[in-house]
Amino acid sequence: TYTTDTKSREENKKTIENLYRFSIDIKKIRRLKEWVLLQDTAYVKEIAGILKEMGADETAVANILERCPEAILHTPAEINSQRALWQLVCQNEKQLIKLIEQFPESFFTTEYHENQKANILFFQELGLKNNIITRFLTSAPNIFYNPVEKNKNVIETLQRNYLSLGGSHANMKTWILKLLSQNPFILLNASTAIQENLEFLQKNGFTDPEVLQLLSKLKGFIFQLTSTTMQKSMLFSKNVFQCSDQELKQLVLKCPALLYYSAPVLEERLEGLLKEGISVAQIRETPMVLELTTQIVQYRIKKLAALGYDIKSGTLESLNGTKKDFEVSYGKIQSKKERPIFNPVAPIHIED
């Protein structure tokens, strides 16, 4: 955001001296963002002072300025404005300084201050909790750089479509907030793209309740796709599984990944499964296995094989799910294998 075409090509000696005073690794800054050291004006002492006021110790100040040296190019007034803004959603300054330590770049992006403020107030009015808004500020800061009208427009498009798909007014707020919490990047999409993707699903025979189901299952990621990529993915699945349009629709509802992942990704994962001796019929029965990368599948198959579990003849259910889901399935198979066979009619030997 700052020009690298500096007036002088010499480092600012005063900046260097002030950075040394705070035990900041100058070599690190030279290596990563030397242009900061070439600027005529810098506010090292002032920015370090504000951070200390908020509760940062010397080590924290050094870490923050090493990771985000461009912070020293902001005026104290800009940083104090940003501080007041983030305090709208932080419980206290202790939480604020902790967030700045973890995500300094997000905090020191002050160019969109007015948009950030308007969007924070809009999200609060919408009903998002402050802890969710702070998560957005740190993990998806660019959604705050949009003019608030753009974000409002996307939300209104979602609300309108939710109601037209059969959603109720009573549940709409909960649905929108959940969707946003799961995937705030929805707000980076154009409202026209949202409309087009929903129409694509309807044209492909998905009923309104099924489209709503897909939206919830895909956590809004569907809006980051295009009708062309979805068409290619569906065509790929139809050819692989040799199924009718109706059967394909049921497979997609069972495993939305068939819609979300591109055809090349699905093909690579399918080939990985086939190399392990798994049949297309098994994959069709449990398509959710395509949600996993080839490396994860190989690792899980090896672990199960070590227990004597043959994936080729069994179900793929034991491969499915998150890491936690797999560990539960693996634990059940392991305990079943280790459990001694109990014979209910065998005599029980009791010592006299």
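**Entry 1: the model**
I am working from a predicted model, so please read every value here as computed from that prediction.

**Entry 2: the largest pocket**
I began with open spaces. Rolling a probe the size of a water molecule over the atoms shows where empty space is left. The largest pocket came out at a volume of about 360 Å³. I looked up its lining and found 15 residues, with Lys217, Pro256, Ala257, Tyr261 and Glu291 nearest the centre. Sorted by class, that lining holds 8 nonpolar, 3 polar and 4 charged residues.

**Entry 3: the second largest pocket**
Next I turned to the second largest pocket, which has a volume of about 170 Å³. I noted its lining residues: Asn204, Phe206, Gln231, Met234, Leu235, Lys238, Asp245, Gln246, Leu248 and Lys249. Two elements each give two or more residues to this lining, namely helix 14 (227–241) and helix 15 (245–254).

The largest cavity has a volume of about 40 Å³. Around it I found Phe236, Ser237, Val240, Phe241, Leu258, Leu266, Leu270 and Leu290. Helix 14 and helix 17 (263–275) are the elements that give two or more residues to this lining. Helix 14 gives the most, with 4 residues. I count 7 nonpolar and 1 polar residue in the cavity lining, and no charged one.

**Entry 4: helix 14 against helix 17**
On the helix 14 side, the contact is made by Lys232, Ser233, Phe236, Ser237 and Val240. Helix 17 brings Ala263, Leu266, Glu267 and Leu270. I sorted the contact residues as well: 5 are nonpolar, 2 polar and 2 charged. Phe236 is in this contact and also lines the cavity; I noted Leu270 in both lists too.

**Entry 5: an aromatic pair**
Last, I searched the whole structure for aromatic pairs and found 10. I picked out Tyr112 with Tyr145, 4.3 Å centre to centre and with 15 degrees between the planes. Is that pair stacked or edge-to-face? Planes under 30 degrees apart count as stacked, so I wrote down stacked for Tyr112 and Tyr145. The pair links distant parts of the chain, 33 residues apart. Tyr112 sits in the loop between helix 7 (104–107) and helix 8 (113–126), while Tyr145 is in the loop between helix 9 (130–139) and helix 10 (148–164).

Conventions: Residues are numbered from 1 along each chain as its sequence is written. This is a predicted model: local features need pLDDT of at least 70, side-chain atom pairs count only at pLDDT 80 or more; totals for chains, interfaces and linings use all residues. Side-chain values use heavy atoms; hydrogens and water are left out. On a 1 Å grid over the protein atoms alone, a cavity is a set of points where a 1.4 Å probe fits but cannot get out, and a pocket is an open set with protein on both sides within 12 Å along at least five of seven lines; lining residues have an atom within 4 Å of a point. Grid points are joined across faces, edges and corners, and a volume is the space filled by probe spheres set on the points. Ala, Val, Leu, Ile, Met, Phe, Trp, Tyr, Cys and Pro count as nonpolar, Asp, Glu, Lys and Arg as charged, and the others, Gly among them, as polar. Contact means heavy atoms within 4.5 Å. Rings of Phe, Tyr and Trp (its six-membered ring) pair if their centres lie within 6.5 Å; planes under 30 degrees apart count as stacked, over 60 as edge-to-face and the rest as tilted.
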